[in-house]
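Biologist: Could you walk me through this model? I would like to hear about local backbone details, a pocket and some helix packing.

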Amino acid sequence: MLRKVLIANRGEIASRISRTALDRSLPAVIATAAEDRALSERIGVPLAQLPNNYTDIEGIIKIAHEHGCDSIHPGYGFLSESDQFAQAVREHDLTFIGPQTDTLKIFGDKLRARDLAVDAQVSVAPGRVVRDATELEEFLKGSGGSGILKSRAGGGGRGIRAVKLGDDLEDSFARCLGESKAFGASNSGLLIEQAITNAQHIEVQILADSHKNIIHLFDRECSLQRRHQKLVEVAPSSLPPPLKQKIFDDAIALAHASNYEGLGTFEFLVNDDGHFFMECNPRLQVEHTVTESITGIDLVECQFAVAEGATLQEIIDQPPTSKGFSVQTRILAEKMDITSKKISPSCEPLSQFEPPSGHGIRVETAMAPGAQTHPSYDSLIAKVIAHAPSLQAAIRKSSSALNSFAIAGPTTNLPLLKSLLDRPEVKSSTATTTFVDDHMDELSANLQSPSLSPTDNVDGAIVSPVTGTVVELNVQIGDKVTSGQQLAVLDSMKMEIVVPSTVTGEVKSISAKIGDVLNEGQVLILVDGYIDEAQDCSADVYTDEELNDIRADLASLNKRKEKLYDENRPKAVERRRGRGQLTARECIGILSDDNDNDNSNFREYGGLAVAASRRTRKLADLEESTPADGIITGKTTIDGAECVVIAVDATVIAGTQGYFHHHKIDRAVEVATKNSLPIVVLPEGGGGRPVDTDIPDIMSAGLNLGTWTEYSKLAGTVPRLAVVSGRCFAGSAAIAGASDVVIATKDSTIGMGGPAMIEGGGLGIVTPEEVGPSHELSLAGAVDVVAEDDEAALILAKKYLSFFTDKTVKNVTSKNHTQLDQRILRKIIPENRKRSYDMRKLIDSLCDEDSVLEMRPLFGGAVITALARIEGKSCGIVASNPASNGGAIDANACDKVSRFFRLLHAFDIPVVSLVDCPGFMVGPAAEKTGLMRKAGRLFLAGAVLEDSIFAVITRKAVGLGAMALCGGNTKQPVETVAWPTGEIGAMGVEGAVNLGFKKELEALEGDDRGKLFEKLVAAVYKQQNATNAASKLEIDDVIDPADTRARLALNLTAYYKNAGKAKEKKATILDSCW
């Protein structure tokens, strides 16, 4: 049993530990620094003066012996994770209340902890040790350009910084290494890991006894943090239970692997890609309180009990349960400069300090009126913990507690915390680790704080701009300095603040040394000189030569990016030429407005990625042979419209899809989603890549990839166009198939499985060109447009997009609205009502010259579908084709038109329906194609077009088929007109005569029957004549064919004029079925 404990810590945690010691009648002594004595006296526990500070191992052990203590509790921070301290305590026959020394050694070295996780088959972020800035730069080049640089020792957000290419990596490395040494780490390098983005910070509380029994005490979410410093913690997290259990299992596996004893926290980052172990904090956490709230377990008591050798069963007599939710907010004495967002301590005495209270409210603090924080330590004033049955109730209770917390004297972060708790992302548990930093402008919008800008006076007194510790002095007495020159660096709230001179002159005195703590406004250096009016200290001044100088980091980046471009990949270009194809970058150049193939308008995303094969291949080799990981993604402007482009580079590992390849597609889709941008995809190659040797540790089959799902979710929200050249199989083919429209070159071949998959499935050996030739796929309706070659396909792609991005011709290069003499329309319909005619000629005559783009011309030939312009206005043309099936609608035509209707409706493009339809195709053969169901889908698709369809009956409008082409009936369109040649009936003229007068006709023979038939046909034709139908209001008017274009132009103008007005779409499940 423990007899007496020395608490080697300060402030609220010393108070917290002493409270549990008192509860178990365990005498306690607090080791306190001189500057903390007044604060520690308020705790009401005997004090022992430290000879130096809280990291003085010898001094602490000496105090423990002098005061008759047999144990030491380190609290958190300071020496709590020091294996040297734990070993020294034990060597002096004292009990260290914490894990075993060997365990502290493992988790005190982030690299050893990482290796332990890998051995335990727990996922970690890709990373390595780097020994200098050069190695750091090499890693970043192959990891998307950014990462997290970590000291191998340390914690609490210290010794960690985000880095990216273009930063001063020498400086970043040096500063992080300096922090690493401050934590006692060896000079054996730093750990760099790939940044895990869009992640939540989840930690698992574990408890282990000395008998190898380990349990978890649930989890906490700590995503709300500023610059890696936690502000708000919640227990439990809101992760799905199956995912939680996986993380619990990993935490316990790591605890077993490290022979863990005592209380510990295993921290993970969690995003859509999985969960990744970060580190273990082998100590009591600042946020242990929320776990205590939901479990009812005193974690400090657990620490004492484990130190005494108790088993888990003795400590916790029944399996722990979690009840409700708990939220902790950290109240800090700090001030923020609203402009720069710099943070500095606010060390003024508390003139008022009235913490909240009430049911479910707990406050941990050592402060009281008259007390003040010290700039040498953290600025924590108090922790407010709220517990309630639900997360929303706990947040409300926490907000109420903060509102009633009366604090005066120092500036605090209370307004920031209140603003945070009001955010919907916090209430819904969707905030990620960068949320606070990303939204600081919004969160701090209502804050008021004093400016932290230096207030140098004309006498040359350079003062400290913040409260902080001097870490660098860059000048000596007698040095000549100029205005703007760096004089010193301060460490304030874990941020480095540069102190510049605002005068030119000579340094006369220096009032501080390295390690001194300065208050804001305290004089640091005195410069005897003058204010240089000619020198603008607010802006850097450089010569043209200096501005043209390329720094080493930029030169290195330029050299790296050169490997991406075609001019530096002659062999790859030659292979494309041999196949008669353009390169992916040439295709992007043609698409882009500059159209000079230099891609100057293209902004690339993820170009620095390489194949995930670093375990088996050198990075330099991967940079040369797998540029951009085989897929080029980014944004460009096409005919003035911003678009996302995704282009597979089939010269890289045959266009197969690798790890980063997928991530780049996902990012491109995300960009398109956030900004509502059209997507042009150039899919090629395809199939999973078996040579990504870095992946087996984090992925098995990849069936959890969301690439196709996320791309498909964009259906109907942004235009998505696939342009296929060459061989396109498997995953690439799936992307093409999920697109709205597919344009393919005549030599392309597309299939859901390539030759290897076909052979592997025992289905024979075929060449790639035999799998799915574009011509055959166009006959099946899978390819919408077949182009002669790559360039022609891309020109067609631009034309297609223009119908969606510039519906009324504001930006397209060609504004040619020229037209044929519209009187020609009077001549296109033959006087012989039974004779076929060329509907495509009619369409070309009616629409703007060269504006028509026909879709799926070889499929469903009974109906023509095309995008076109009339007086510059985009429209979709749906036209009966009397040259195919006499215009009777079969199953394929139903599919063709219904899909086209949905496409046009989704993007608010009106329909011009040119009707010459004798009805649906009938007969057993037709019904075996599923015509009934497909005709129904056509009616469903047309039912939502009531304000966006205009019908022109050119000749026959018979029965259900004609009704379907009008959107369901002749009153569905905004306007239904007919030409004088129109015939409108429930059945065709001849059919109506044959069925209606069957007996009369059968009673006659020869010429008499023929004469009667012609007479009856004339009578029925007169009855079905368009003029008769208009007189009975079945249609709106009968017009001169030559007036059709002008009439449609007026209707389209009115439609687009009203297009901006809010209107509710009648959405159906079929709206997203393409």
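This is a predicted model: local features need pLDDT of at least 70, side-chain atom pairs count only at pLDDT 80 or more; totals for chains, interfaces and linings use all residues.

Biologist: What is phi of Ser25 near?

Modeller: Phi of Ser25 is near 55°, which is a positive value in a residue other than glycine.

Biologist: And which residues does a cis peptide bond join?

Modeller: Ala235 and Pro236 are joined by a cis peptide bond, with omega at about -10°. Pro236 belongs to the loop between strand 12 (229–235) and helix 9 (241–257).

Biologist: Changing topic, how much space lies in the second largest pocket?

Modeller: The second largest pocket holds about 740 Å³ of space. Its lining is made up of 28 residues, and the closest to the pocket centre are Arg114, Pro126, Gly127, Arg615 and Asp694.

Biologist: Which helices and strands each supply at least two residues of that lining?

Modeller: At least two residues of the lining come from each of helix 6 (110–119), strand 6 (127–130), helix 7 (133–141) and helix 23 (659–675). Helix 6 gives the largest share, with 3 residues.

Biologist: How do the lining residues of that pocket divide by class?

Modeller: The lining of the second largest pocket has 12 nonpolar, 6 polar and 10 charged residues.

Biologist: Now the packing, please. At what angle do helix 3 and helix 4 pack?

Modeller: Helix 3 (residues 57–66) packs with helix 4 (residues 83–91) at an angle of about 30°, and their axes are 10 Å apart. Because angles under 35 degrees count that way, helix 3 is described as roughly parallel to helix 4. The crossing of these two helices is right-handed.

Biologist: Which residues make the contact?

Modeller: Helix 3 brings Ile57, Ile60 and Ile61 to the contact, while helix 4 brings Gln84, Phe85, Ala88 and Val89. By class, the contact of helix 3 with helix 4 has 6 nonpolar residues, 1 polar residue and no charged residues.

Biologist: What about helix 21 and helix 29, at roughly what angle do their axes cross?

Modeller: The axes of helix 21 (residues 584–591) and helix 29 (residues 790–805) cross at roughly 40° and come within 9 Å, and that angle makes helix 21 oblique to helix 29. Helix 21 passes helix 29 in a crossing that is right-handed.

Biologist: Which residues of helix 21 and helix 29 touch?

Modeller: On helix 21 the contact is made by Cys587, Ile590 and Leu591, and on helix 29 by Glu791, Leu794, Ala797 and Lys798. The residues of this contact divide into 5 nonpolar, no polar and 2 charged.

Biologist: Is the crossing of helix 32 and helix 34 left-handed or right-handed, and which residues make the contact?

Modeller: The crossing of helix 32 and helix 34 is left-handed. From helix 32 the contact takes in Ala891, Cys894, Asp895, Val897, Ser898, Phe901 and Arg902, and from helix 34 Leu931, Lys934, Ala935, Arg937, Leu938, Ala941 and Gly942. The contact of helix 32 with helix 34 comprises 8 nonpolar, 2 polar and 4 charged residues.

Terms used. Residues are numbered from 1 along each chain as its sequence is written. Side-chain values use heavy atoms; hydrogens and water are left out. A crossing is left-handed if the near helix is turned anticlockwise from the far one by less than a right angle, and right-handed if clockwise. Helices (H or I, at least four residues) and strands (E, at least two) are DSSP runs, numbered from the N terminus. Contact means heavy atoms within 4.5 Å. Ala, Val, Leu, Ile, Met, Phe, Trp, Tyr, Cys and Pro count as nonpolar, Asp, Glu, Lys and Arg as charged, and the others, Gly among them, as polar. On a 1 Å grid over the protein atoms alone, a cavity is a set of points where a 1.4 Å probe fits but cannot get out, and a pocket is an open set with protein on both sides within 12 Å along at least five of seven lines; lining residues have an atom within 4 Å of a point. Grid points are joined across faces, edges and corners, and a volume is the space filled by probe spheres set on the points. Axes are lines fitted to C-alpha atoms, for helices over the stretch in contact, and angles run from 0 to 180 degrees between N-to-C directions. Angles under 35 degrees count as roughly parallel, over 145 as roughly antiparallel, 65 to 115 as roughly perpendicular and the rest as oblique.
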